[in-house]
Amino acid sequence: MPPDIRTNRLSREEIARNFSELHPPLSRSEALIEADRCYFCFDAPCTTACPTGIDIPLFIQKIRSDNLRGSAHTILAENIMGGMCARVCPTEVLCEEACVRNTHEDKPVEIGLLQRYATDPVLDDHVQLFSRAAASGHRVAVVGGGPAGLSCAHRLAMLGHNVTLFDREEKLGGLNEYGIAAYKTVGDFAQREIRYILSIGGIEVNSGVTLGEDISITRLRDEYDAVFLGVGLAGVHRLGIEGEELPGVESAVEYIADLRQATDKGELPVGRRVVVIGGGMTAIDVAVQSKRLGAEQVDIVYRRGFDQMGASDYEKRLAKTSGVMIHTFARPLKILGREHASGVLFERTDRDEYGSLADTGETYTLDADVVFKAIGQRLRDGVLEDGSIRMQTGKILVDDNHATSLAGVWAGGDCVLGGDDLTVTAVQHGKVAAIAIDDFLRTRESGHG
Ligand SMILES: Cc1cc2nc3c(=O)[nH]c(=O)nc-3n(C[C@H](O)[C@H](O)[C@H](O)COP(=O)(O)OP(=O)(O)OC[C@H]3O[C@@H](n4cnc5c(N)ncnc54)[C@H](O)[C@@H]3O)c2cc1C
Ligand code: SF4
């Protein structure tokens, strides 16, 4: 049987409906009612749970008094991507999980939606809330224009430094532009937010420039006063099983990037039966989006249990309510098919007496027209000069200030060890590194370094 993969499985209207915004914005009256639910807790556990430390009760208080610019300033001063994070943060495991309203009413204050309510007008009207400090005369190279690099560049520019931002892609944004599910951030929000970030001035963008090919860390260290690496994890892990090279076996991240860039989503080829291997946010996103493009049967298969999946409970619920089947405790043994993938042979796994994952010997097959690999990403080969920077398990080692083992080089976001692969965490890394770089440059300038 030839594989059943085709375009336009659904009508234009159905696709538009399926990819409409997941959480529509609050109206003014809804926002005021929601803001009134906040207790303005003195110890604000929500703020402690926010990786960027936004003063949440303060921004909600400002919404109550209709001071939306002030509210946006409170948010963006800590997290310049507060608009994107309002859309994509898994708030149910961050600020909203910590909200004390959960214990009183079983329902947190809708912090994410309030954050969007406060920040959208500033971005829509392009209101500049930040200014630059006096020019320091220092030049900093930032490699990677994703959340980590953009956050670092913006903070450095605010602190008076001149930044050159390099990215291998023509479009900045990293996974905000190429990865986040289309129904979480509709339209061109990622690019609008980037235009806002760059409008502070002092950031020169060099796109289409690849570290490891067109530029090297050695050269950047020679030419700039400091270097920040926010290169993410652009390489894809291999399954390492027979049949992996067959047509029809695809990288989930690449498919999602194509989907995000498609002007007509219906033109993207979709399999009738789709099998996704993995258990994180990428697995859920490619599965849900395949379903929304018209795939009939979509199965996610994860080697451990439901609770160990990297995706949040909300994401897992979204997959189930979208009609995706989730199978746990199975690992792929072989991709089946001769000229094209036609299915996957799995072996059931289980926990042994020590709690480790063990094979059971029992196998089963799932038919597939397309198989997506969503088992995580890794640093691309050749980005760093061999041995130049200390690494652990394929990621860059940094200290609390995000300094690497190489003097004058800082790093943050997905490419460093200890992150949790969230946009908000990458933004915080970039901010922390920028403050540390500023401190380093000023200490050196004063002759105390
Ligand atoms: C499919 C998917 C869905 C996701 N959904 C969510 C979500 O809903 N919510 C959430 O919070 N997080 C989500 N994430 C995670 C989030 O997108 C990342 O944690 C975040 O983007 C990391 O930011 P970063 O700046 O470290 O890296 P990236 O966003 O990967 O940006 C890295 C940048 O560096 C550039 N670059 C790479 N190599 C080079 C080089 N050699 N030279 C020059 N430039 C280079 C890239 O082009 C890119 O612009 C998702 C991730 C994926 C893969
Ligand atoms: S924990 Fe909830 S109620 Fe308390 S300040 Fe934060 S948002 Fe308001």
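## Strands and sheet

Two strands pair if DSSP finds at least two bridges between them. Strands (E, at least two residues) and helices (H or I, at least four) are DSSP runs, numbered from the N terminus. This is a predicted model, in which local features need pLDDT of at least 70, side-chain atom pairs count only at pLDDT 80 or more, and totals for chains, interfaces and linings use all residues. Residues are numbered from 1 along each chain as its sequence is written.

Strand E5 (residues 226-229) pairs with E19 in the parallel sense, over three bridges. Val 227 stands opposite Val 409 in E19.

Five strands make up an open, parallel sheet in the order E4-E3-E2-E5-E19. Strand E4 (203-207) and strand E19 (409-411) stand at the edges; each has a single partner strand, so one side of each lacks a neighbour in the sheet.

## Thr 423

Thr 423 is found in helix H17 (residues 423-445).

What is Thr 423 in contact with, leaving aside its neighbours within four places in sequence? Cys 85, Val 88, Pro 147, Asn 176 and Ile 180, where contact means heavy atoms within 4.5 Å.

## Second largest pocket

A pocket is an open set of points on a 1 Å grid over the protein atoms alone, where a 1.4 Å probe fits, with protein on both sides within 12 Å along at least five of seven lines; lining residues have an atom within 4 Å of a point.

The second largest pocket is lined by 24 residues. His 23, Thr 91, Glu 92, Glu 96 and Glu 110 lie nearest its centre. Helices H6 (82-88), H7 (95-98), H9 (111-124) and H16 (313-321) each give two or more residues to the lining.

Key
Chains lettered and ligands numbered in written order. Heavy atoms only, no water.
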